[in-house]
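Hi,

Here is the structure I said I would pass on.

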Amino acid sequence: MVNALSVGDILDVVLTGVHPHRVLEVRTLAGSVAGSLTHRGHLALIACIDQGNSYSAEVIQRSGGSVVVRIERK
């Protein structure tokens, strides 16, 4: 799915799994899984989603299979 992403694409950030194996996924607006998020602040982001906040991720850079996104609260 990463190959289909372009700079400027907007993705939904979705929390999946059950504690303690929770995963932050990014999905296209059509609902297809684009990948998972890995970053230093992932535990804080999980806590914020648990509190009812929603987030989106904008693709700001893509190089091969690596994608950099900017995460913003909706």
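Some ground rules before that. This is a predicted model, so local features need pLDDT of at least 70 and side-chain atom pairs count only at pLDDT 80 or more, while totals for chains, interfaces and linings use all residues. Residues are numbered from 1 along each chain as its sequence is written, and side-chain values use heavy atoms, with hydrogens and water left out.

**The sheet**

There are 5 strands in an open sheet, ordered 3-2-1-4-5, with antiparallel pairing. Strands here (E, at least two residues) and helices (H or I, at least four) are DSSP runs numbered from the N terminus, and two strands pair if DSSP finds at least two bridges between them. The edges belong to strand 3 (33–36) and strand 5 (66–73); each has a single partner strand, so one side of each has no neighbour in the sheet. On average, neighbouring strands are turned by 40° against each other, direction ignored. Helix 1 packs on this sheet and touches strand 1, strand 2, strand 4 and strand 5, with its direction at about 85° to that of strand 2. For those angles, axes are lines fitted to C-alpha atoms (for helices, over the stretch in contact), and angles run from 0 to 180 degrees between N-to-C directions. Contact, or touching, means heavy atoms within 4.5 Å.

Going through the pairs:

- Strand 2 and strand 3 are antiparallel and joined by 3 bridges. They form a hairpin with 5 residues between them, and Gly31 in the turn has a positive phi of about 100°.
- Strand 1 and strand 4 pair antiparallel over 4 bridges, with Glu58 of strand 4 as the bridge partner of Ile10.
- Strand 4 and strand 5 pair antiparallel over 8 bridges, and Ala57 has Ile71 of strand 5 as its bridge partner. This hairpin has 2 residues between its strands, and Gly64 in the turn has a positive phi of about 60°.

One backbone detail to check on your screen: the peptide bond from His19 to Pro20 is cis, with omega near 5°. Pro20 sits in the loop between strand 1 and strand 2. As background, most residues other than glycine have a negative phi, and most peptide bonds are trans.

**The core**

The largest nonpolar core has 14 residues, and Leu11, Val13, Leu24, Val26, Leu37, Leu45 and Ile49 touch the most other members. At least two residues of this core come from each of strand 1 (10–18), strand 2 (21–27), helix 1 (42–50) and strand 4 (55–63). By nonpolar core I mean a set of buried Ala, Val, Leu, Ile, Met, Phe, Trp, Tyr and Cys residues joined through side-chain atoms within 4.5 Å. Buried is under 20% relative accessible area, exposed is over 50%, and partly exposed is in between (1.4 Å probe, protein chains only).

Val26, in strand 2, is buried, with a relative accessible area of 6%. Its bridge partner in strand 3 is Gly35. Not counting residues up to four places away in sequence, Val26 touches residues including Leu11, Val13, Val33, Leu37 and Ala57. Val26 and Ile49 are 23 residues apart in sequence and 13 Å apart in space, C-alpha to C-alpha.

Tyr55, in strand 4, counts as buried at 11% relative accessibility. C-alpha to C-alpha, Tyr55 and Val13 are 5.4 Å apart in space, although 42 residues apart in sequence. Beyond its neighbours within four places in sequence, Tyr55 has contacts that include Leu45, Cys48, Ile49 and Ile71.

Thr16, in strand 1, also counts as buried, at 17% relative accessibility. Leaving out residues up to four places away in sequence, Thr16 touches His21, Arg22, Val23, Glu25 and Arg27.

The largest pocket has a volume of about 240 Å³. Of its 16 lining residues, Ser36, Leu37, Val67, Val68 and Val69 lie nearest the centre. Strand 3 and strand 5 are the elements that give two or more residues to the lining, and strand 5 has the largest share, 5 residues.

On the method: using a 1 Å grid over the protein atoms alone, a pocket is an open set of points where a 1.4 Å probe fits, with protein on both sides within 12 Å along at least five of seven lines; lining residues have an atom within 4 Å of a point. Grid points are joined across faces, edges and corners, and the volume is the space filled by probe spheres set on the points.

Cheers
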